[in-house]
Amino acid sequence: MTVSRELLMRYHDGEVSDEEARVVEAALEQEPRVLEELEAYSELGSFVRVWGEARVADSFDIADSVMQKLEPPIARVHPLWPRVATWVSLGVAIAAGSVLVVRSWSAPPVTPGAPSAMRAGQPAALALSAAAVPEVSAALEEEPKPPPATIESVDFGVNAGTVFVVSTDSSETPVVWMPDDAEPDEDDGDRSESL
Amino acid sequence: MGVNSPDLSASNQTSRELEAEQDRALIESAQKGDKLAFKKLVQRHQRRAFAIALGLLRDEQDAREVVQEAFLRVHRGLDSFQGGSTFFTWLYRIVTNLSIDLMRKPSRREVELDEGREIDEADIPLLSRIDGADPLDVLRRAEIRNKLEAALGALPVYHRGVILMREVEGMSYEEMAEAMGVSKGTIMSRLFHARQKLQRALADVYAEEVVHSPRSQKP
């Protein structure tokens, strides 16, 4: 053959330039073998086409099932937002705790018999509880004052959390508890804060 | 002569361009949240996507699941579709990748090995599509179909993919290259080898065609 099989195939597929088409058409007129090869491509194409089309039933329709499986549109959240929200809510919680501590320190001085709030090595929660609860006799002598602080609400952002009070015989300790259920962080420690 | 002459190719190209234009309008609407527009896209392309998946996987249930998953991925990626390629080449690429991923699963490989079986009449209603009252002709068509099925099954999946995209979908080399993520040269090579293998597998059928063809019956 004067034309390559590759060129003949491209001619069959309509993927030739005008010049290449002229070369093939000249060969088709002069060489029966080229025509036979070209017809073989066509015939093979017909077989495959009929085979392929016959396999797909006219009734094939998955549109409804696809539409049913579509997820409802979800508001897009910036990838940094959950982490920012965690730290913001943690900051809010710490700020609320700080207010409690400051208000407690501004309360009347503790009597000498009371446990020292500033004893070295004392956990912060115990220090707060001791300072926040004055001795009953002293409190009765004074004008009633509002409680040291009230946590009405804490914004935990996207995280869940609770505020509760740990009661002992002599004190009550408010605790802002944030379970650490997010993805582990290198610097993630226990994010619970006792006040 | 039933070849893909330049005129037919141009007509096919025009039809593709019109289709791409309509797809773009539907995609824009779907990107704005119009679910009906997305459903129309599914309806327009589902059968062709299924034909490709079925040709690659040769299992109707698997093909159905692949096509469904492909459309779900298309929906998730709608916002990222910039229109740099046509919708159907994007869809076919997803379908092809999902099909190949599925075929690589160990459980699928076992199914792939089970290729020696004869095809039931109910599997492919080819006989009803090719009229032939002559029982010998019916038998011959069944033989062609079985040989073609076996030959296609023996092709590497990428070769099977190009032959189906070309012959069933009428895709250009460029469209196939885009859909399969390879160069046009690779597509040409795959197509050439796929055709050679199929022609060899159907060689005796061709020989009979020559015997039965009108030209060979001339005095």
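Guide: Axes here are lines fitted to C-alpha atoms, for helices over the stretch in contact, and their angles run from 0 to 180 degrees between N-to-C directions. The model is predicted: local features need pLDDT of at least 70, side-chain atom pairs count only at pLDDT 80 or more, and totals for chains, interfaces and linings use all residues. Residues are numbered from 1 along each chain as its sequence is written, and chains are lettered from A and ligands numbered from 1 in the order in which they are written.

Visitor: What makes α4(B) oblique to α9(B)?

Guide: The axes of helix α4 (residues 87-104) and helix α9 (residues 173-180) of chain B cross at roughly 50° and come within 7 Å. Angles under 35 degrees count as roughly parallel, over 145 as roughly antiparallel, 65 to 115 as roughly perpendicular and the rest as oblique. The angle of roughly 50° therefore makes α4(B) oblique to α9(B).

Visitor: Which residues meet where α4(B) passes α9(B)?

Guide: From α4(B), B:Thr89, B:Tyr92, B:Arg93 and B:Thr96 meet B:Glu175, B:Glu178, B:Ala179 and B:Met180 of α9(B); residues are in contact if their C-beta atoms, placed from the backbone, lie within 7 Å. By class, three of the residues in this contact are nonpolar, two polar and three charged. The classes are nonpolar for Ala, Val, Leu, Ile, Met, Phe, Trp, Tyr, Cys and Pro, charged for Asp, Glu, Lys and Arg, and polar for the others, Gly among them.

Visitor: Why is B:Met176 called buried?

Guide: A residue is buried if 20 or more other C-beta atoms lie within 10 Å of its own, exposed if 12 or fewer, and partly exposed in between. B:Met176 has 25 such atoms within 10 Å, so it is buried. This residue belongs to helix α9 of chain B. Leaving aside neighbours within four places in sequence, B:Met176 is in contact with B:Val162, B:Met165, B:Arg166, B:Met171 and B:Ile187. The C-alpha atoms of B:Met176 and B:Thr89 are separated by 7.4 Å, although the two residues are 87 residues apart along the chain.

Visitor: How do you know that helix α8 of chain B is largely enclosed?

Guide: Nine of the 11 residues of α8 (residues 157-167) are buried, so the rest of the structure largely encloses this helix. Among the buried residues of α8(B) are B:Val162, B:Met165 and B:Arg166, which also touch B:Met176.

Visitor: How is the packing of α2(B) against α4(B) described?

Guide: Their axes come within 10 Å and cross at roughly 35°, and the crossing is right-handed. Residues of α2(B) in this contact include B:Leu41, B:His45 and B:Ala49, and those of α4(B) include B:Phe87, B:Phe88 and B:Leu91. The contact has 13 nonpolar, three polar and no charged residues.

Visitor: What makes β1(A) and β2(A) a pair?

Guide: Two strands pair if DSSP finds at least two bridges between them. Six bridges join β1(A) to strand β2 (residues 172-177), and the strands run antiparallel, so they meet the requirement of at least two. A:Val166 stands opposite A:Thr173 in β2(A).

Visitor: How many helices and strands does each chain have?

Guide: Chain A has seven helices and three strands, whereas chain B has 11 helices and zero strands. Helices (H or I, at least four residues) and strands (E, at least two) are DSSP runs, numbered from the N terminus. Of the 195 residues of chain A, 21% count as buried; of the 219 residues of chain B, 32% do.

Visitor: How many residues does each chain bring to the contact between chains A and B?

Guide: Chain A brings 34 residues and chain B 47. On the side of chain A, α1 (5-12), α3 (32-55) and α4 (63-69) each give two or more residues, and α3(A) supplies the largest share, 16 residues. This side of chain A divides into 19 nonpolar, six polar and nine charged residues.

Terms used. Two residues are in contact if their C-beta atoms, placed from the backbone, lie within 7 Å. A crossing is left-handed if the near helix is turned anticlockwise from the far one by less than a right angle, and right-handed if clockwise.
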